[in-house]
Amino acid sequence: MTFTNWWKILLVLSLLAVTFLFLGMEERVVLDFALCSGLDQDHLPLDRRDKFSIEEKSVICWVFLEEIKAGDELKWEFSAPGSSIYESILVAEEDKNYVGVQGELSLERYRGEIAPNQWQVSFFINQKKYLELPFTLVRSSIEGSPSLEEAIRRTALLLKEFGYQVYDVNYSPEDGQAFIRMEMVSTDLNQDFWNQVGIGLESLQRIFPEASWFLVQLIREEQYVLDFQVRAIDFDLWRKGRLNTDEFWKKKVVRSVYNLRERKREDTENFYRKTFGVIY
């Protein structure tokens, strides 16, 4: 074989090596992402927010990818100024298309170690950074409350940190129902709206674990009270990822509307259609 032929062969091999190198470093397309406190039965975020209490169980960074390849290393780094870096690592076992993956900062595991601060999470695939998301951890001491009254007071203060004005929190042992009444934070049925209802339910579960029913009441424009009532067991199943979000909000949560000025119940379906443009 001539020198020229050897040179051609080496050139082809070099080009193949470079090609395989770039194939191994191909971009992964991020289709969606969210910071949340949990995932439902379909492994979709229960909520989407950027503020969490240090007494919650975890902060989850969920990423929806167009594809992953077997052997891909997915890594999340959670950090704050002056803190350690908390890593969450997943190695893909097989090729998958359109897949959701999540990294977790366990607030429960590192209770007392992780401090309130401005935090961020960075998401890497094979050491290449794809996302960097900021979030806030706020102080909370509800678990250490010496009395129920103090737990309620601390809950109201925590919810104020989230931008919610609390009017009343109480429990009726006669019907086993706990309720919380707040000023409605959004005039639309957007993510902020559903987050407020969800955080209200979480607050009731924390304060009144013995309750059979939870009721969140949102006051709109000082005239309408929007009720969201759900069995405690159904809320718990949803929070633990055993119920999907669509079924929870549409089939498990009972909605009603009360007119404070006219002192009467509104037709719920008609109210939602006229006010929000949606079919209840």
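Visitor: In what order do the six strands of the open sheet stand?
Guide: In this predicted model, six strands come together in an open sheet.

Visitor: Which residue in β14 stands opposite N259?
Guide: Strand β13 covers residues 254–259 and runs antiparallel to β14. Two bridges join β13 to β14. Opposite N259 stands K264.

Visitor: At what angle does helix α6 run to β13?
Guide: Helix α6 comprises residues 268–276. It lies across β11 (213–220), β12 (224–231) and β13. Its angle to β13 is about 80°.

Visitor: How are α2 and α3 directed relative to each other?
Guide: Two packed helices are described by the angle between their axes and the distance between the axes. For α2 (residues 148–161) and α3 (residues 191–207), the axes come within 11 Å and cross at roughly 160°. Angles over 145 degrees count as roughly antiparallel. The two helices α2 and α3 are therefore roughly antiparallel.

Visitor: How do the residues of the contact of α2 with α3 divide into nonpolar, polar and charged?
Guide: α2 passes α3 in a right-handed crossing. The contact is formed by L148, A151, I152, T155 and L159 of α2 together with I199, S203 and I207 of α3. These residues divide into six nonpolar, two polar and no charged.

Terms used. Residues numbered from 1 in each chain as written. Predicted model: local features only at pLDDT ≥ 70, side-chain atom pairs only at ≥ 80, totals over all residues. Heavy atoms only, no water. Axes fitted to C-alpha atoms, helices over the stretch in contact; angles between N-to-C directions. Helix = DSSP H or I, 4+ residues; strand = E, 2+ residues; numbered from the N terminus. Parallel < 35°, antiparallel > 145°, perpendicular 65-115°, else oblique. Left-handed = near helix turned anticlockwise from the far one by under 90°. Contact = heavy atoms within 4.5 Å. Nonpolar A, V, L, I, M, F, W, Y, C, P; charged D, E, K, R; others polar. Pairing = 2+ DSSP bridges.
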